[in-house]
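Visitor: I've got a model open and I'd like a quick tour. Could you walk me through it?

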Amino acid sequence: MSSGSAINLLRERARRAADLVARHDFIRIYTHHDADGISAGAIIAKALLKAGKAFHITFLKGLNEPFEYEQGELLLFADMGSGYADLISQVDTDVVILDHHIPNGEIRPKRNLAHVNPHLVGMDGTFELSASGVCYFFANELGRNRELASVALIGALGDKQRMVGGNEEILRNGLEAGVVEERKGVSLPSGKLRDVLVQSLEPFLDFYGKEEELEEFLEKARLDGDKEFDELSDEEIRRLADAIVLRLLKMNAYTGIFSQIVGKRLILKNLLIKNAVTAVDVVNSCGRIGAMSTALAMLLGDVEAMNRAIRINNEYVIQTLEELKKWRNEVKEGFCIRYLVMENGLSASPIATIFSRYVFTDKPLIVVNIKNEYAKVSARTNEALAERVDLAEVMRLAAEKVGGRGGGHRVAAGANITPDKVEEFLKEVDRLCCAMLA
Ligand SMILES: [Mn+2]
C-alpha cells in the first residue's frame, strides 16, 4: 500500500477518535512514561485545551499496571492499548486508543471504540509512525494543530524511528508550518564539543573516562573541544562528521545508524529546547527517572520546568555512562543472542538500546534487570537483524512459556517475568532466535 493511502486511512480512524472526543466533556488519559508517551500526552493536552475539553493525564509503564475510570467518561490510551485486546474488551465506557504497538487479538468493545494505529492501515508502526505521531494526526482532526509537528517528532526520534511514511508527512507539515527546520550537520546535543562527545548517548561514542582518546580524536579532526557545538562552521561540522563515522566503524557500531546521525539535524523552532537531539534526550531522561510531569510541563512551554528537566538530564547521562561502564564486561554470549543479567541495575532498556546499537551489534541483545521480586526484560536488535528476528514475538512466546507477559516491536521488545524463571526464559529466547535466524 502506498503511504499516501495509508495516511488517508489513518486520518479516517483519527477522525472517528476526534468525533468520539467531541461527544465528551471529560477525558481520562493514560499514556506511557517514555519520550514518545510524554510527547503524545503533550500533543493531546494542547489539542484538548484548545478544544475546551477537561482532562486528566496519568503516566503508566504499561497496561500491566492498573488503571481506573468512571462510567460515562471517555478513556483515552496513548502509546499503549493495542496489545491488550482482552483488557480493553472489559472496559465499560467509551475508549480511544492512539497507539503504534502491534495489535494483539481482537477488541470486542462494550461501548464505543476508536482505535487508531498505523499497523491497522498498512503502515509500519515500528519505523514509520510513533504514538505521538498518531496523536498528531488525531489532534489535527480535532482542530488545526500543525504547530504540534515539532512535538510529534520528539516522540518519533525517542522511539528511534525514521523520517519515512507518517513521520515524513509530519516533518513536511512542520517545515511548511515553519515550526521545524532542517539544517546540515550531525545529530548531537548542544553544549561544549568536548562535553557533547563524552556525554552523547545517541550516538554513543564511548569517550567516557577516556580523556586521552578524546583529545587525540579532537586533535586529528583539528577541532577545538572548548567550542560550542552549535557554533561550529560547516567545514568543522564536516570534519567532525567524518571523524565520528570513523570512530563508530572502529567500535563496530551498527552501520544503519550512520544515516540517522550524519547529514541533517532538526531544529524545533517553536519549542523551548530547539536542538531536537537535546529535546529528545531531556524528555527521555525525565521519563526514565519518573519526572514525566516536568517534561510534560516543559513541552507545554514552562521555562522553570525546562531548567529542572535539563538538570535531570545531566545527572541521568552521567548515571547511565557509569552503568554502561559497570555492566559492559558482564555481557554473555548464547548461541544466537547476547545477554546480560543485572541485579538492581538502574534500568534495563537504555543499557540494552545503547549496547545493541553501538557495542554488541552482531546478535540480538537481551538485558534482564532483577529488582524487588521482578525481572524486567529489554530485548533489542538492529533493523538488519530484525528482518529475520521478530523480538516482539520472541518476547511474547518466551514470556508466556514461563508464566510472564511480553511484546513490543520487532527491534525493541520487553517482558516481565519472575526472577526464578530467568534462566529458562533466556534459553527459550535463544532457541526462538536461532529458529528465526536459521
Ligand atoms: Mn512509542
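Visitor: How many residues of domain 1 are in contact with domain 3?
Guide: This is a predicted model, where local features need pLDDT of at least 70, side-chain atom pairs count only at pLDDT 80 or more, and totals for chains, interfaces and linings use all residues. Residues are numbered from 1 along each chain as its sequence is written. Counting contacts as C-beta atoms, placed from the backbone, within 7 Å, 8 residues of domain 3 meet a domain 1 set of 6 residues.

Visitor: Where do domain 1 and domain 3 sit in the chain, and what separates their centres?
Guide: An automatic or database assignment sets the bounds: domain 1 is 3–178 and domain 3 is 331–437. Taken over C-alpha atoms, their centres are separated by 27 Å.

Visitor: Which strands are the edges of the open sheet of 6 strands?
Guide: Strands here are DSSP runs (E, at least two residues; helices are H or I, at least four), numbered from the N terminus, and two of them pair if DSSP finds at least two bridges between them. The order runs β8-β9-β10-β11-β13-β12, with mixed pairing. Pairing on one side only marks the edges, β8 (332–333) and β12 (405–408).

Technical notes. Two residues are in contact if their C-beta atoms, placed from the backbone, lie within 7 Å.
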